[in-house]
Each structure stands twice: as C-alpha cells, then as structure tokens.
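Please go through the structure shown here with attention to its sheets, its domains and the surroundings of its ligands. The briefing that follows groups the computed features by topic.

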Amino acid sequence: MPNLSFVSPTRNSPWGTYLSQIDAVEPYLGNLARWVETLRRPKRALIVDIPIELDNGTIAHYEGYRVQHSLTRGPGKGGVRYHPDVTLEEVMALSAWMTIKNAAVNLPYGGAKGGIRLDPKTLSMKELEKVTRRYTSEIGIIIGPQQDIPAPDVNTNGQIMAWMMDTYSMNTGATSTGVVTGKPIALGGSLGRVQATGRGVFVIGREAMRRLNIEMDGARIAVQGFGNVGSIAAKLFAAAGAKIVAVQDHTGTILNERGFDMQNLLDHVAKTGGVGGFAGGDRIANDDFWKVKSDVLIPAALEGQISKERAEGLQTRLVLEGANGPTTPDGDAVLADRGIVVVPDVIANSGGVTVSYFEWVQDFSSFFWTEDEINVRLDKIITGAFKHIWETSEQHRISLRTAAFVVACTRVLEAREERGLYP
Ligand SMILES: NC(=O)C1=CN([C@@H]2O[C@H](COP(=O)(O)OP(=O)(O)OC[C@H]3O[C@@H](n4cnc5c(N)ncnc54)[C@H](O)[C@@H]3O)[C@@H](O)[C@H]2O)C=CC1
Ligand SMILES: O=C(O)CCC(=O)C(=O)O
C-alpha cells in the first residue's frame, strides 16, 4: 500500500483499516473527492523522547507521540494512550478517526491523538508523574487550548490530565484549564465526563436497537473491555433492563447466562483490577467470548479485535463499537455479508469527546453546568448525529460506517476547500 514513507501499514492494521475506510467513502464525495488525499496524510506528527530517572536510580527512555491528523475544522482534539503496543502508525489512525468522529458529530475540532509506548502497570505513581510531565513538556510546542486539546484514553485518567494541565500551565506561566479535558472536577473538569463515553455507547445502542426492533428488556449483551467505556456502558444497559451475559478484559472472560449482578462485578473489578476471578459467573476460554450468543456485542478494548475469523463465528445481531477501530476491514466485510449491523466507533463512542467539548466550553466561560444539563445536551447532539448518519446510510444504501464517513468527510473537505491552500 503506497501512501507515506514512515509507516508500513497492512490491510488490517490500524492505518491500513483507516485508509480502506477512506477508499470506501471516496465515490460518495462528488467534487470534493479532489481533496480526499488530504485525509490520507496526517497534518503533523511529533515523535518525542521521554527520559526519566526511575525509582531505582536508572535512566529509562520512553517513546511518545502526538499526531494532529487535521486542524481544518478547529483545534486538534483527542486522547492520550499509555500502552506497551503504542506505535506511530496506531496513533496516526487514532488521530484520523478523531477527525472523522469530531466532524460526524459536528464538533468544532480537527482530530489528534497521542500516546506513550509503555506499560503503566510497571511504573510507580512517581514515575508515572515524571513520564507524564516530561511528555507534556515535549509536546507542549504543539498543544494548547486553541491548538490541540488532549484527553484520557486507554490507561490514562483524570490524574494524568491534572499533571498535564499543571505542567502546561507552569511552562506557559498561566493557569490553563482548557488545555486538556477529562480533568478532575476541582481543576475545571466537567460533571459527566468520566461516564460520557459509556453513556454515549448506551444512548446510541438504544437508538440502534429501537430501529432494529431489538427489545431492551432482557436483551443479551456481551462486552469486551471492562475499563472506563465498557464498564459504564454495561452498567447503563443493565440498569435499562438488558442482561450482561459475557465480559472479557485482559484478566480473562466470564459468562453468566442469567446476566451478571452488576454491582458485585463492578466491586470485584474495583478491588482486583479485572473481571478474571469473578465468582458470579463461569470462567471460559478467551476465544469462546466471540461465540457467545448475544443481541448486542460491544467491543470496548483495543483495535483489530473483530477479524475475519471471529466475524465468521459471531452470534449477535448488532455490533456497537465502543473501542476505536475494533473491526478490521476483512471482519467488516464478513459482518456485512452476514447481515450483522455495525454501529461504527466514530458515532458509537462519540459521547466522550462530546462532553470533552462541553468541558472546554465551560472552562472558557468559567461557568459550569449541572450533570442533568450535560446529559440532556449529550443525548440531543449524539442522537441527532446518529439519525443523520442512519438516513445517509439508507439514502445511499451503504453501511453505517461509510455513511458516517460521508457525513464527516464532506464537512472536513468543504472546510478544506473554503480555507484554500495558499499562505
Ligand atoms: N476513555 C474515553 O473517553 C474513550 C475511549 N475510547 C476507546 O475505548 C476503548 C477503551 O478505552 P477505555 O475504556 O478508556 O480504556 P481503559 O484503559 O479504561 O480500559 C481498557 C479495557 O480494555 C481491556 N483490555 C486491554 N487489553 C485487552 C485484551 N487484549 N483483551 C481484552 N480486553 C483487553 C482492559 O482490561 C480494560 O478493561 C479504546 O479503544 C479507546 O480508544 C473511545 C472514546 C473515548
Ligand atoms: O475526549 C476527547 O477529547 C477524546 C476522546 C478520545 O480519545 C476518543 O474519542 O477516542
């Protein structure tokens, strides 16, 4: 696959997946297609070295990234991931999906994402703070409340955002709450942000189920990934009457045909760090998770989980992508053939960045909203965006993913054309 000299994507790798999604949307872009190559390249990609002194006195070096895929519709926006498998190629794809997501929901942002290649579980809190502060200083040349606004993603949270905000503020000489979102409430964070991505998955799932005539009451739900996104989505589905029958995370896979007692499961995860060993269900082999009979399957962990082989064995009606990029192009093709509807990540998990937008707006006005106001506005914005995508999918007889890309890429490329090219 040609494209860029510094990455070598394969068909089903994250950047390869993104490129194939752009190929699929191109025929629907009309005259704007002449700009489409813009979407196949990140605007800017920064690789940084992060040296820190470990608690044992040795010096360790970590590799960090911040990629701004597009700044056409506004500042960059997207999370920061800490994971041992993070690569430039992965962060490029995640930043491009942010461009599409922000445009699909019509938030006034471009798309960006960051990451550090490390396993946070191996670091002490002090080491984690050092890495975070050094990373923030290194990417400080391209982030800012009007330039690019990071937020939490896999293995990052409010504490990491607090250190990022503090470091950026120290470096610039002014308290700058709007430089990151997903902050603790005491530092200008927004009510509802911690729950927002999982809540958005639930809201969009509810809308999709209604259109597909899947009854919420008693619906069987399987969830992969029981962190911020997966656990909150599961909790909301269970509260609405659905049964969470299978959960999987990095510690194992648990099945309970009658549906888990959610409070017990959440308490167990809070205490032990994972679902493995939970006594309120049966442990099954990780591969068997993909064969569990469900009405709704929610991948809410990492990319590339629904491969062709797994897609062939899935026994579900609806895939609700809580994670970014969980379905490979080959998996997507099989699901389409089998008539399994996929609600793509760029709308299914857009609740998080939508409430991040609310947080950023609240920080600028220093006027904070109630959680009810936030949830009502969240519901209105993402259900409106979903309706538009659903109708676009019906109009062109295309998948919801390609429809979301039609809506988003049209917005990005219209803005690109109107801004023009010359300095
Ligand atoms: N946190 C947020 O606001 C948003 C997150 N997302 C996406 O949602 C997904 C999950 O993110 P978070 O919940 O924030 O992360 P998290 O760090 O809170 O949780 C990640 C979960 O994935 C599980 N996991 C990791 N490796 C696994 C494996 N090999 N097999 C099964 N499970 C595994 C972990 O055990 C954990 O339960 C990611 O794709 C992220 O990009 C998307 C939008 C916003
Ligand atoms: O809240 C944000 O700004 C971005 C969240 C994110 O990284 C995502 O939606 O994938």
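Strand 3 (residues 76–83) is joined to strand 5 by five bridges, and the two strands run parallel; strands here are DSSP runs of E with at least two residues, helices are runs of H or I with at least four residues, and both are numbered from the N terminus. This is a predicted model, in which local features need pLDDT of at least 70 and side-chain atom pairs count only at pLDDT 80 or more, whereas totals for chains, interfaces and linings use all residues. Residues are numbered from 1 along each chain as its sequence is written, while chains are lettered from A and ligands numbered from 1 in the order in which they are written.

- Strand 5 (residues 148–152) is mostly covered, with five of its five residues buried, a residue being buried if 20 or more other C-beta atoms, placed from the backbone, lie within 10 Å of its own, exposed if 12 or fewer do, and partly exposed in between.

- Seven strands form an open sheet with mixed pairing, in the order 9-8-7-6-10-11-12.
- Strand 9 (282–284) and strand 12 (341–343) stand at the edges with a single partner strand each, so one side of each is left without a neighbour in the sheet.
- The twist in this sheet averages 20° from one strand to the next.
- Strand 7 and strand 8 (residues 252–255) pair in the antiparallel sense over four bridges, and Val-247 has Ile-254 of strand 8 as its bridge partner.
- Helix 6 lies across strand 6 (220–224), strand 7 and strand 10 (296–299), and runs at about 170° to strand 6.

**Domains**

- The chain is divided into domain 1 (43–176) and domain 2 (194–348), with bounds that come from an automatic or database domain assignment.
- The centres of the two domains, taken over C-alpha atoms, are separated by 27 Å.
- Six residues of domain 1 are in contact with five residues of domain 2, contact meaning that the C-beta atoms, placed from the backbone, lie within 7 Å.

**Ligand surroundings**

- Ligand 1 is surrounded by 24 residues, of which the closest are Gly-225, Gly-227, Asp-249, Ala-323 and Gly-352; a residue is near a molecule if its C-beta atom, placed from the backbone, lies within 6 Å of it.
- The elements that give two or more residues to this shell are helix 6 (228–239) and strand 7 (243–249), and helix 6 gives the most, with three residues.
- Domain 1 and domain 2 each contribute at least three residues to the shell around ligand 1.
- Ligand 2 is surrounded by 13 residues, the closest being Gly-79, Ala-151, Gly-352, Val-353 and Ser-356.
- Strand 3 and helix 11 (351–365) each supply at least two residues of the shell around ligand 2.

Note on methods:
Two strands pair if DSSP finds at least two bridges between them. Two residues are in contact if their C-beta atoms, placed from the backbone, lie within 7 Å. Axes are lines fitted to C-alpha atoms, for helices over the stretch in contact, and angles run from 0 to 180 degrees between N-to-C directions.
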